[in-house]
Amino acid sequence: MTTPGKIMLVGIGPGHVEHMTQRAREAIAEADTIIGYVTYIRLVADLIEGKEVVKKSMTEELDRAIEALARAREGKKVALISSGDAGVYGMAGPTYEVLFEAGWTPGFDIEVEIVPGASALNTCAALVGAPLTHDFCAISLSDLLTPWPVIARRLDAVAASDFVVALYNPKSGRRTQQIVEARRLFLRYRRPDTPVAIVKSAYRPKQRIEMTTLEAMCEADIGMLSTVLIGNSATFIRDGLMVTPRGYANKYDVTNGDTRDGEQAGRSLSTGLAGWRDTIRASGHSAAQIAAQYQLPVDYIEAVLAQTEAEAV
Ligand code: SAH
């Protein structure tokens with residue numbers, strides 16, 4: 001009997017060896033077979049001498065996962081190389097789907113290890129300042145596998161709820177209108193001068209950073225290797241840096257660190273859950289009025305108003 005093989009899903013970060021983790025390098029060194037795009041394989045050339053290398057230029061991720069499973073069944077240790085993190089729009093999902101389809105269960109024969117890497121949103125954010133210091137989300141504009149109305153609904157929801165957004169797969173040679181539609185949906189809720197950063201080929205030789213606005217973003221140079229970061233209503237650009245405030249100014253005087261009146265260090269804001277509940281209770285307004293004021297569902301407001309003190313703790 002051959003010893004069971006192993007599949008390692010290795011995220012190598014943005015595309016420069018310095019931003020690869022120690023474990024990613026070890027996993028690649030450990031592997032018998034390396035599967036991935038030529039560009040990424042070139043980056044780790046020093047680690048792969050004497051190994052079997054399956055260079056894939058194809059877009060079909062399923063084929064790569066099937067190939068990995070076939071080799072692992074022969075008892076090989078296979079490293080599937082992904083840019084960024086393999087779990088973020090990467091190989092991790094398709095690989096588990098292929099494995100489950102083949103009847104695999106965790107802890108059975110083939111071992112699976114996911115080696116985390118810095119995703120494009122981390123690396124692009126690091127290059128432009130601190131855009132993700134408050135709530136954010138990622139949306140891929142690729143409609144190759146996701147219907148457009150699903151993508152549009154998510155764009156609409158996050159635009160309305162003031163998330164900072166990282167747009168992956170914003171544009172390609174063939175897909176040029178999705179970013180135009182994204183802008184249209186965002187402008188329904190956000191100011192035209194909302195800061196936008198476009199980072200192309202982060203930490204690669206052709207790296208390019210452009211600061212622009214929601215209004216003008218479609219005129220920028222955006223491609224397959226770009227990530228588009230759209231700020232929230234508080235994000236600003238200063239001296240070429242894009243910053244989303246964490247909210248310290250709500251509680252402290254940022255010039256001297258003093259706590260503002262009515263606020264306590266280490267405690268929820270006066271407008272946090274408990275304080276807000278007291279405020280809406282004392283307002284005497286109906287649940288419907290409060291719901292309209294805060295743009296929250298009426299049944300949620302009713303539930304909050306109905307909470308007893310014991311439940312509220
Ligand atoms: N697994 C990857 C994402 C793959 S989807 C990760 O975690 O980063 C491919 C998209 O990722 C690209 O269209 C682009 O939006 C983004 N991307 C990947 N590498 C990038 C880089 N070096 N610079 C800017 N964006 C990048």
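The largest nonpolar core here has 22 residues, where a nonpolar core is a set of buried Ala, Val, Leu, Ile, Met, Phe, Trp, Tyr and Cys residues joined through side-chain atoms within 4.5 Å. Buried means under 20% relative accessible area (1.4 Å probe, protein chains only). This is a predicted model, in which local features need pLDDT of at least 70 and side-chain atom pairs count only at pLDDT 80 or more, while totals for chains, interfaces and linings use all residues. Residues are numbered from 1 along each chain as its sequence is written, and side-chain values use heavy atoms, with hydrogens and water left out.

**The cores**
- Ile139, Leu155, Leu167 and Val228 have the most contacts inside the largest core.
- Strand E7 (136–140), H6, E8, H7, strand E9 (195–200) and E11 each give two or more residues to this core; helices (H or I, at least four residues) and strands (E, at least two) are DSSP runs, numbered from the N terminus.
- Helix H6 gives the most, with 5 residues.
- A second, separate core of 18 residues includes Leu69, Trp104, Ile110 and Val112.

**Helix H7**
- In helix H7 (residues 178–187), the buried residues are Gln178, Ile179, Ala182, Leu185 and Phe186.
- Down the axis of H7, these residues fall within an arc of 120° (taken from the directions from the helix axis to the C-beta atoms), so they line one face of the helix.
- Their cover includes helix H6 (148–160), strand E8 (164–168) and strand E11 (226–230).

**A strand pair**
- Strands E2 (residues 33–36) and E3 (residues 52–55) pair in the parallel sense over 4 bridges; pairing takes at least two bridges found by DSSP.
- Isoleucine 34 has valine 53 in E3 as its bridge partner.

Terms used. Buried means under 20% relative accessible area, exposed over 50%, partly exposed in between (1.4 Å probe, protein chains only). Contact means heavy atoms within 4.5 Å.
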